[in-house]
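Let's take a walk through this model, from its core out to its loops. Have the sequence and the coordinates open as you read.

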Amino acid sequence: METNKNFTTSTDNGKGAAIVSYIFLIGWLISFFAIYKENKTSLSTYHLRQSLLLHLSIIVINILITIILTIAPLAFLAYISYAIGIIYLIFIVMGAISASNLQNKPLPVIGDKAQTLFSSI
């Protein structure tokens, strides 16, 4: 009996890669390079795109707020930074729940943009 070594069976459906991608940027990297390369599914692709835009946008926003705070140290900007961090965590939870329920549900504001912006993933 001959076996095909290139054939892989997975009951994951990309769910693992989709959920891990929301664990900050390091989770996205692990998800993309370790999990996604072996098991590409529409679910994992959708959530990898969405979480990448989420993580990159929070990095850019934090850099901008840091630059503004060094130029003009305004107290209310520090509070805005905390609020943005809380919104970021809420988006992470929303995306992870959507991925665990096997749904391609877009995140508010960035969900649809991520699909067009990172269509090469």
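## The core

A nonpolar core here is a set of buried Ala, Val, Leu, Ile, Met, Phe, Trp, Tyr and Cys residues joined through side-chain atoms within 4.5 Å. Buried means under 20% relative accessible area, exposed is over 50%, and partly exposed is in between, with a 1.4 Å probe and protein chains only. This is a predicted model, where local features need pLDDT of at least 70 and side-chain atom pairs count only at pLDDT 80 or more, while totals for chains, interfaces and linings use all residues. Residues are numbered from 1 along each chain as its sequence is written, and side-chain values use heavy atoms, with hydrogens and water left out.

The largest nonpolar core has 22 residues, and those touching the most other members are Tyr22, Trp28, Phe32, Leu48, Leu54, Leu107 and Ile121. H2, H3 and H4 are the elements that give two or more residues to this core, and H3 supplies the largest share, seven residues. (Helices are DSSP runs of H or I with at least four residues, strands are E runs of at least two, and both are numbered from the N terminus.) In soluble globular proteins, nonpolar side chains tend to be buried together.

## Tyr22 and His47

Which residues does Tyr22 contact, once neighbours within four places in sequence are left aside? They are His47, Gln50, Ser51, Leu54, His55, Ile92, Gly95, Ala96, Ala99 and Leu107, where contact means heavy atoms within 4.5 Å.

His47 sits in helix H3 and counts as buried because its relative accessibility is 0%. Skipping residues up to four places away in sequence, His47 touches Ala18, Ser21, Tyr22, Gly95, Ser98, Ala99, Gln103 and Asn104.

## H2 against H3

Two packed helices are described by the angle between their axes and the distance between the axes. For H2 and H3, the angle is about 150° and the axes are 9 Å apart. Axes are lines fitted to C-alpha atoms, for helices over the stretch in contact, with angles running from 0 to 180 degrees between N-to-C directions.

The crossing of H2 past H3 is left-handed, meaning that the near helix is turned anticlockwise from the far one by less than a right angle; clockwise would be right-handed. On the H2 side, Phe24, Leu25, Trp28, Ser31, Phe32 and Tyr36 meet Ser44, Thr45, Leu48, Ser51, Leu52, His55 and Ile59 of H3.

## Along H4

How far apart are the end C-alpha atoms of H4? They are 38 Å apart, which agrees with the 38 Å that its 26 residues (75–100) should span at 1.5 Å a residue; the expected span is 1.5 Å times one less than the number of residues. The buried residues of H4 are Leu77, Ile84, Tyr88, Phe91, Ile92, Gly95, Ser98 and Ala99, and they pack against H1 (15–20), H2 (24–36) and H3 (42–71).

Ser81 also lies in H4, and counts as partly exposed because its relative accessibility is 23%. Not counting residues up to four places away in sequence, Ser81 touches Asn62 and Ile65.

Leu102 is in the loop between H4 and helix H5 (111–117). Its phi is positive, about 60°, although Leu102 is not a glycine. At 47% relative accessibility, Leu102 counts as partly exposed.

Val109 is found in the loop between H4 and H5, with a positive phi near 70° in a residue other than glycine. Val109 counts as exposed, because its relative accessibility is 66%.
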